[in-house]
Amino acid sequence: MARNQQLRVLQALDVARTQLYHFMAIVIAGMGFFTDAYDLFTISLVADLIDHRYYPDGQRGDYLPVLINAVSLCGTVPGQLVFGWLGDKMGRKRIYGVTLLLMIFCSLASGFTFGKSTNKSVVTTLCFFRFWLGFSIGGDYPLSATIMSEYASKRTRGAFMAAVFAMQGFGNVAAGLVGTITSAAFVNSSQDKIDYVWRIVLMFGAIPALLTYYWRMKMPETARYTALIAKDAKMAASDMSAVLHMPIVPEDDGVNELASQDQYGLFSSEFLRRHGLHLLSTAVCWFVLDVTFYSLNMFMKDIFTKVRLLDIDDDLLKRTIRITGVHTAIAAACTLPGYFFAVAFIDRIGRVKIQLLGFTMMTVFQLCLAIPYPKWLECNRNKYGFAVLYGFTFFFANFGPNTTTFILPAELFPARLRSTCHGISGAVGKIGAVVGVFAFHLLRNQFRTLLFVLVGCNLVGIMFTLLLPETMGKSLEEITGETEEGQTLDDEATTVNVA
């Protein structure tokens, strides 16, 4: 088998017409991201309730909401590294179920406490389970991205992966809706009932994950793992024949030939030469994006309080209703449309151009917030203009680097290192999220300065995006150099020869 030829099973996947199974894969993988976003962002909506409930009358420190927000993000870092590595060593599907089970358990456990509901027992238990919840969420990133990239055709791969990631937007909206409804249900209750609000909101995250566990376990292993890593040509052909509804002949000789080609490791000089710059660029771009995205998202209530879009109210539940209402409005009006645009244009414009556009427009809107910042504070009517520009920042984050930083690491690296490298890029990104959370805490009284710092992050993202190759319209093997560009079979030839 020549180096520039693909296995027929992979060619069949690359040119396959869109069918029901692709949409099922999007929903199954996407519900994981729905849960991820719900669990990560919902805690910021109830952090004040927990803070005031267990540290009342000046006993609390202003560090507590920051700690509660950051602990799950800290858990995502080792989760992405560990599960990303295991996805390449043990298979995408086998590890996929483990992350979901851990997510379900920790979502439920976050609503329970040990001891007699003292402040220390509640906060310690919550932080413990939130860390492991973050660990499972971290694992979902590389596995979902890798599975979807390896299932999709080369013409629709970007749109399908963006659609999986767009479920994050629905999870964001759901977090606001569940928070609003639950708070409204207890608004006239006693202070002790506050416990029910945050516990119900956090535990609700287990439901969508639980509903998709069965279907996630029924998904077959990806053909690229089975053929290129496990070296099982018969299983790869059998699985994809069932998925694509066409007969595919196993190619044992082809798999054996691939086994002798370019088996370099992650820490080899060959990997550094071929993909070192790619890994550096995807990691840095994800890092600077998450500094912005998580600091502005998780502390939205603090920012809108400063510009008087939210009023400080003695009634915690009424304030929570306002906070969750604003969160939902921003997510529905700006966050979701950004994801929709990414799905629609990712395979038309290209990943690199969309990432450049996103970083550039985020810079423009953040400068529009930062430069006249004192003016935004002068007049009460200005708060609505501030909210609109703030929302456009999220629109171009999602129709931009928030989506593309998820897609590119699942396309640029060879199959045997794909999940690992995605995990490394994502882990560096979540370190950026933690940095963003603590940066906001340190600069919470200097929001204008923080905005200029975020502008600098965007400029760094632009520079490193320019170092990335475009992957649109190419097979994964062409992108990684496992086959030569232009040497894969066309649609008609593949259709004829797969049998």
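Predicted model: local features only at pLDDT ≥ 70, side-chain atom pairs only at ≥ 80, totals over all residues.
Buried residues are those under 20% relative accessible area, exposed ones are over 50%, and partly exposed ones lie in between, as judged with a 1.4 Å probe on protein chains only. Residues are numbered from 1 along each chain as its sequence is written, and side-chain values use heavy atoms, with hydrogens and water left out.

**Overall make-up**

- The secondary structure of the protein comes to 22 helices and zero strands, where helices (H or I, at least four residues) and strands (E, at least two) are DSSP runs numbered from the N terminus.
- Of the 499 residues of the protein, 62% count as buried.
- Among contacts with a separation of 6 or more, 85% join residues 24 or more positions apart, a contact being heavy atoms within 4.5 Å.
- In α1 the buried residues are Val 9, Leu 10, Gln 11, Ala 12, Leu 13, Asp 14 and Val 15.

**The largest nonpolar core**

- A nonpolar core is a set of buried Ala, Val, Leu, Ile, Met, Phe, Trp, Tyr and Cys residues joined through side-chain atoms within 4.5 Å.
- The largest such core has 153 residues, and those touching the most other members are Tyr 141, Tyr 294, Phe 304, Phe 386, Tyr 390, Phe 406 and Phe 447.
- Helix α2 (residues 20-54) supplies the largest share of this core, 18 residues.
- Not counting residues up to four places away in sequence, Tyr 141 touches a set of residues including Phe 33, Leu 40, Phe 165, Trp 286, Tyr 294 and Phe 406.

**Helix α2 against α3**

- α2 and helix α3 (residues 64-90) pack at an angle of about 150°, with their axes 8 Å apart; axes are lines fitted to C-alpha atoms, for helices over the stretch in contact, and angles run from 0 to 180 degrees between N-to-C directions.
- That angle makes α2 roughly antiparallel to α3, because angles over 145 degrees count as roughly antiparallel, under 35 as roughly parallel, 65 to 115 as roughly perpendicular and the rest as oblique.
- On the α2 side the contact includes Leu 40, Ile 43 and Ala 47, and on the α3 side it includes Leu 64, Ile 68 and Leu 73.
- By class, this contact of α2 with α3 has eight nonpolar, four polar and two charged residues, where Ala, Val, Leu, Ile, Met, Phe, Trp, Tyr, Cys and Pro count as nonpolar, Asp, Glu, Lys and Arg as charged, and the others, Gly among them, as polar.

**Helix α2 against α6**

- The axes of α2 and helix α6 (residues 157-185) come within 6 Å and cross at roughly 40°, and the two helices are therefore oblique to each other.
- By class, the contact of α2 with α6 has 18 nonpolar, seven polar and no charged residues.
- Val 164 is found in helix α6 and counts as buried, at 0% relative accessibility.
- Val 164 and Ala 29 are 135 residues apart in sequence, yet 6.2 Å apart in space, C-alpha to C-alpha.

**A loop residue with positive phi**

- Lys 231 lies in the loop between α9 (223-229) and α10 (233-244), and Lys 231 is partly exposed, with a relative accessible area of 29%.
- Phi of Lys 231 is near 60°, a positive value in a residue other than glycine.
- Most residues other than glycine have a negative phi.
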